[in-house]
Amino acid sequence: MAKDTAATKQATQPFEEFCKETFDFKKAFGKPEALKGYRVLSCTQYILGPSCASYMAELGAEVIKIEAPRRGEAMRHTTPFNEPFLYPLSKWIPERGTGLGFFGANPNEYFISVDFHKPEGQAIVKKLAAKADVMVENYRPGTFDRWGIGYRQLREINPRLVYCWLGGFGGWGPGRVRASYDILGQSQGGNFGMTGKQEFMGGAPAKHTIWLADYWGGMMGAVQILAALYWRDKVSGEGTFTEYSQVHGVTRQLEYALPLYGRHGITRERWGNWDTQFCVHGIIKCGKSSYPQSENPQENEEGYILISAYDDKDFATLCKVAGDGKLAEKYAKHDARVKAKSQMEIYPALEKWAADKSKEQVAAILDKANINNQPVWNAKEVANHPHWQQRGAVQWLDDPTFGDLLHQGPAYKMSHTPPRLKWALKPVGADNEYILGKLAGLSAEEMRKLEEQECI
Amino acid sequence: MATPKVAPWPAIPIAKPDEVYAGLSDQAKDYPLFLESIVRQEHNFEKPEALARLRVLDCSTRMMIGHWCSSMLSELGAEVIQVEPPGGDPQRQNTPFGRREYMFKDKETGEEVGGQFLHEMRNKHSITLNLETEEGRNILKDLAVHADVIIENAPPGQWDSWGIGYRQLREINPRLIYCWVGQRGQWGPAKDKPGVLDPTAQASCGFVHGTGDPKEFGGQPTRSALWMADHVGGTCAAMGILAAVLHRENVSGEGQFVEATSAEAIIRILDYSWAWYSMDGSIRPRYGNWDLAINIYAVNPCKDGYMMVGGGHDRLWYRIWRTVGDEQPAVEEDILGDPHLREVTERLAHDMQVKTYTMLGEWLKDNARSEAERKLAKQQVASGGVLYVNEVAEYPHFKYRGHVAEYESPHYGKILYGTTPFLQHKTPGRLKWLGRPTGYDNEDVYRRLLGFNKDDFKRLKQAKVI
Amino acid sequence: MLLTCPGCKTKNFLDPYPFWNFKGTTRCAGCGKIWRIETAVGACVAGPEAADGKADLLPGFAEKPDYSPITGPGVTRAAPRARKDSVCRPIPIQKNVRGNTVSGRPLKKEDLVGSRPRFIAEGK
C-alpha cells in the first residue's frame with residue numbers, strides 16, 4: 001500500500017518538487033552505490049591522477065590512495081598564500097598540516113603510505129593489485145614498468161586489472177620525456193592562447209583559474225575506466241591499459257578552431273569577455289560594488305554580469321531597457337550585430353548604461369524585462385547561495401578528522417545510486433593498519449619493521 | 001575577395017618512429033615502443049568497441065553539454081542518434097562573427113554547417129523529429145523503447161509537461177537511463193531559463209570571477225574562450241550515465257534519472273575555494289597567470305610570446321635560477337642571497353612573487369619560447385610556451401601522436417580536427433565520421449527501429465513532424 | 001623589468017605584465033624620484049630619465065640593496081588579497097566562519113591520543 005501511495009505521489013507531484021526529492025543529497029546514504037564492490041588503487045600525485053580515482057570514490061568504489069611515507073605527496077604542501085592548513089599532516093608530523101591545494105582531489109579514500117622505490121614496497125603493491133579492479137597512476141612513463149609494477153607485470157598477476165596511466169605528454173613520441181603541469185598542458189594544448197582580453201585591447205593570454213586540464217583530465221580518465229569496466233564485466237572478462245595525455249585533452253576541446261585553421265588558415269584569437277558567435281552574449285562591467293561597506297577587498301570591487309540577449313526580440317528589449325534607440329535600430333538583426341566591429345560598439349555602450357549600477361541592480365532590471373543574465377558571483381556568493389546549497393553543489397561536511405568544512409559536492413546527480421561525499425581527506429598513512437592488514441596480510445610486527453625502515 | 005589558398009596539412013611531414021628513437025639504446029626504446037604497439041591509433045579498427053551495445057538518443061540542442069556527453073559515448077563505440085528539430089539543431093548555424101564563408105558545405109545538398117557543431121558531430125547519426133507536435137512526441141516514446149540512454153536539455157520541466165519526461169518514459173522502458181543536462185539545473189532558485197548558454201555556467205559558479213588578472217594588475221574577471229563548462233559538464237554527464245549503466249547491468253536491471261550541469265561540474269573542480277572560505281572567510285582572488293599556492297608556477301611574457309615555467313619545490317627552484325644564472329649571473333646571485341626567498345612557503349607571498357617573476361623576466365626577455373624550454377630542460381625543469389592553434393596543429397609531438405588529424409568527409413571534404421584522447425590497448429576510442437547532414441539517417445533509423453514505410457515518411461514530412 | 005634607482009639604488013620590481021611594453025613614468029619606492037622609462041618586449045629601450053609630476057604606474061614591489069622590503073599605499077601597488085588581514089604565513093584556525101570547530105592549527109603527538117572525533121568535538 002505504502003509503495004503505491006509513494007509511486008502515485010511521485011507520478012503526480014509538481015515536477016520541481018519531484019526533482020528536489022529525487023536528487024536530495026541528504027537522502028543519498030539510503031540508496032545503493034553504483035561502484036559497490038569495485039576496488040581502485042590510486043598511485044598518484046598532484047591532481048590529474050588523484051582526481052580520476054576520486055570520481056570513482058564518490059560512486060562507492062573502495063579507493064586506496066598510496067603516498068610516500070611520512071610527508072605524503074607534494075600537493076599536500078601547497079596552500080593559497082601559505083595560510084590555511086589542516087592538521088595533522090600525519091601521525092609522525094602532527095605539527096605540520098595538509099595544505100588546501102590537496103583539497104577536493106582525494107575525498108572518500110583510504111590513505112596508506114608505501115615507498116615504491118623499495119622492493120618491499122613493490123611487493124605490497126603487487127599484493128594489492130592482485131585484488132584490485134583498477135590501477136591509476138601518473139608517474140613518468142616507464143617508471144612503474146621499471147619498478148616491476150607496470151601494466152606488463154601487473155596483467156600477469158591480474159588479467160582483469162584496468163590499468164589507467166594519465167600524464168602530460170604521453171609515454172611515446174618525441175616529447176615523451178617532458179614532465180608536465182596543468183597550466184603547461186593548457187599552454188601547449190591551445191586553450192590558453194585564445195582565452196583572455198583581446199590583443200588589440202592590450203590583453204594577454206589568461207590561464208583558466210582551475211586546474212582544468214588536470215581535474216577535467218581526471219574525469220576523462222574516469223570515463224575511459226568506467227567504459228573499460230563495463231566491457232570487461234559484460235563482454236570480455238579482460239582488463240586493459242588506458243593512456244590519457246592531458247595536453248591531448250586540451251587540444252580536443254578547441255571547438256571550431258582546428259577546422260577553421262585547416263580550411264581557411266585562420267588562427268583563432270582572443271575575444272575577451274564577448275562571444276565570437278552570439279551578440280549580445282557577453283560579460284560587462286557594472287560600475288558599482290555590491291558590497292561597498294565590506295572590508296574584504298574582493299567585495300569592494302565593482303561587479304560584472306553576463307547579459308545574454310542574442311535573439312532579435314531580446315536585443316530590442318535590451319536596448320529599450322538601456323535607453324539606447326540608436327543601437328536598437330543600427331543592430332536590429334543578429335548578422336549585423338555579431339560582426340567584430342559591431343560588438344566593439346555595443347558592449348562599451350552597455351557598460352556606459354551599467355556604469356552607475358551594481359550587478360544586482362542590473363540583474364533586477366533585466367529579470368523584469370525577461371532578459372537572460374547571470375551576475376559574476378565570487379566564491380563567497382556561490383558558497384552562500386541557496387541554489388547551490390539546496391542542490392548540494394557545496395555541502396557542509398562533518399569531517400571525522402578535521403571538523404566542520406564546506407566541501408564541493410559531486411559534480412552530477414543520480415536518482416537511484418547517487419554519488420556522495422563521505423570525508424574530505426585523511427592524514428598520510430592513516431589507514432595503514434586497516435588496509436595493509438586486510439589486503440596485504442601484514443602482521444603488526446611486520447608493519448612495525450617496515451615502518452622503521454620507512455618502507456611504509 | 002577570393003579565399004587565399006591554404007597550404008595542405010601537415011606543412012612539415014610527420015616523423016617516423018625510426019627518426020624519433022634514433023640513437024637510443026634498446027633498453028631506452030623498449031618501453032615507448034611497447035606503448036606504441038598497444039595504443040597507436042592505426043590499430044583502432046582492429047579492436048572492439050567498449051560501448052558497442054549501447055544506443056543513445058541525443059535530443060539536446062543549442063548548448064554543447066549534451067553533444068559533448070554523447071561524443072564521449074560515441075567515440076567509445078555507442079550508437080548515438082542525434083534527434084534534431086526539422087531544419088536541424090540551431091547550433092548548426094553558429095559561425096564566428098556570423099561569417100557564412102567559414103561554414104562547411106555539404107557537396108550534395110549544399111547544406112551549410114558551422115565548425116562548432118561539425119567538430120562535435122562525430123560518429124553520430126542524425127534524424128529529425130518535431131517534438132513540438134503530439135505525433136512527434138509519440139514517435140519519441142516509440143524510439144525510447146529501443147534506447148539505453150536519452151539525453152535532453154529542454155527548459156526545466158518541459159519534457160515532463162509534454163508527457164515524455166523521466167517519469168513517463170520509465171513506464172515505457174524501465175531500463176532507460178534518462179539524462180537531463182543544462183547550465184545551472186532543472187530545479188532550485190536559480191534553475192535554467194529558456195535560451196541560456198555557456199558562459200552562463202562559468203559566471204554562476206565562481207570560475208569567471210577567479211580567472212584573469214587582478215584589478216591591481218589592471219585586469220578583470222574573464223571567461224574561457226570556449227564553452228568550457230559545457231565540456232566538463234558533458235564529461236560528468238557521461239560519468240553518470242556509465243555509472244548508471246554499470247549499476248543496471250550488475251545489480252538492478254533498471255535505469256535511472258541523471259542530472260548534470262555545467263556549473264556544478266566546475267564547482268566540483270574549484271579545488272579549495274569552498275574550504276578556504278569556510279575556514280576563515282577568504283574569498284578566492286584572481287591571480288592572473290600566477291599561482292596562489294605554488295611559486296614558481298606561472299606563465300609570463302618572454303621574447304616571442306608567453307612562457308610557462310614550473311618548479312614548486314626547492315630542487316627545481318634552484319635549477320631554474322641556475323639556468324638563468326648562465327646568462328644573468330647577477331640575477332641568480334640576488335635570488336640566492338635573499339633571506340626572504342629561502343623557505344619554499346615564504347615564496348608564496350605576493351611581494352615575493354612580484355620579485356620572482358620580475359627577475360625571471362630579465363631572462364625571459366632574451367629567450368624565445370623554444371630556447372627557454374631547451375635551456376630549462378637541461379636542468380630537468382618542465383616548461384613550455386603558450387601555443388596558438390596554428391602552432392598546435394604543426395607541433396611535431398602532437399602530429400606524431402595524432403592529437404591533431406585530418407579527416408576526409410564524403411560530405412564536407414578535408415577537415416582538420418582534434419582527435420579522441422581515449423587511447424587504449426583493448427577498446428580504444430576512435431573516429432568513424434565527422435559531420436552529418438541534417439536528417440541524413442531518417443530513412444535508416446526510422447525504418448529499422450520503427451518500421452516506417454514510404455507512406456509514413458511522406459505523411460510525416462508533409463505534417464512537418466520529421 | 002628591474003629598475004635599480006640611479007639615485008638611491010633601491011631595487012624597484014616593475015612586474016612583467018603591466019610593464020612589458022610600457023611608455024611612461026614610475027616612482028622609486030625608496031626615494032620618491034620620478035623616472036621616465038620605455039620598455040619593449042620586456043627590455044628597457046629608453047631611460048630611466050629623471051622626470052616630474054605624478055607616476056603613471058607604481059612598481060609592484062621594491063626592496064633596499066640589503067633586501068629589506070619597501071611597500072605601502074602610494075609607494076607600491078596593492079597586493080590582491082583574499083581577506084582584509086592577509087599575512088601570507090600559516091595562520092592557526094580553530095573556529096571556522098560559522099563558529100564551529102575545524103582542525104586548522106598545529107598539533108602535538110599527545111593531541112592524537114584518543115579518538116579523533118572526540119578531539120574535534122571537545123574543540124581541544
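How much area is buried between chain A and chain B, and what share of that area do carbon and sulfur atoms give? The area buried between these two chains is about 16500 Å², and carbon and sulfur atoms give 64% of it. Buried area here is the accessible area, taken with a 1.4 Å probe, that two parts lose on being put together, summed over both.

This is a predicted model, in which local features need pLDDT of at least 70 and side-chain atom pairs count only at pLDDT 80 or more, while totals for chains, interfaces and linings use all residues. Residues are numbered from 1 along each chain as its sequence is written, chains are lettered from A and ligands numbered from 1 in the order in which they are written, and side-chain values use heavy atoms, with hydrogens and water left out.

**First stop: chains A and B**

Select chain A and chain B together. The contact (heavy atoms within 4.5 Å) takes 177 residues from chain A and 185 residues from chain B. Across this interface there are 16 salt bridges, each being a side-chain nitrogen of Lys or Arg within 4 Å of a carboxyl oxygen of Asp or Glu. To view one of them, select K215(B) and E302(A), whose closest N and O atoms are 3.2 Å apart.

Next, select helix α9 of chain A, residues 212-236, which gives the most to the side of chain A that touches chain B, with 16 residues. Helices (H or I, at least four residues) and strands (E, at least two) are DSSP runs, numbered from the N terminus. By class, the side of chain A that touches chain B has 87 nonpolar, 59 polar and 31 charged residues. In this classification Ala, Val, Leu, Ile, Met, Phe, Trp, Tyr, Cys and Pro count as nonpolar, Asp, Glu, Lys and Arg as charged, and the others, Gly among them, as polar.

**Second stop: a sheet that ends in chain B**

Display the strands β5(A)-β2(A)-β1(A)-β6(A)-β7(A)-β8(A)-β14(B), which in this order form an open sheet of seven strands with mixed pairing. The edges are β5 (110-113) of chain A and β14 (423-424) of chain B; each has a single partner strand, so one side of each is left without a neighbour in the sheet. Two strands pair if DSSP finds at least two bridges between them. Where the sheet passes between the chains, two bridges join β8 (residues 240-245) of chain A to β14(B), and these strands run antiparallel. Select E243(A) to find its bridge partner in β14(B), L423(B).

Helix α3 lies across β1, β2, β6, β7 and β8 of chain A, at about 140° to β7(A). Such angles run from 0 to 180 degrees between N-to-C directions, with axes as lines fitted to C-alpha atoms, for helices over the stretch in contact. Helix α20 of chain A, residues 432-440, lies across β1, β2 and β5 of chain A and runs at about 85° to β5(A).

Three bridges join β14 (residues 412-414) of chain A to β8 (residues 257-261) of chain B in the antiparallel sense, with M414(A) partnered by V258(B). Within chain B, β1 (residues 55-58) and β6 (residues 149-152) run parallel and are joined by three bridges; D58(B) stands opposite I151(B).

Select chain C with chain A. Here 24 residues of chain A are in contact with 29 residues of chain C, and the area buried is about 2300 Å², of which carbon and sulfur atoms give 56%. In chain A, E83(A), Y87(A) and D404(A) lose the most area to chain C, together 28% of what that side buries. The interface has three salt bridges, including that of E83(A) with R83(C), where the closest N and O atoms are 2.9 Å apart. The largest share of the side of chain A that touches chain C, three residues, comes from β13(A).

A hairpin joins the two strands through three residues.

**Last stop: backbone details**

Select C279(A) and V280(A): the peptide bond between them is cis, with omega near 5°. V280(A) is in the loop between α11 (257-264) and β9 (281-289) of chain A. In chain C, the peptide bond from G47(C) to P48(C) is also cis, with omega near 0°, and P48(C) is in strand β5, residues 43-51.
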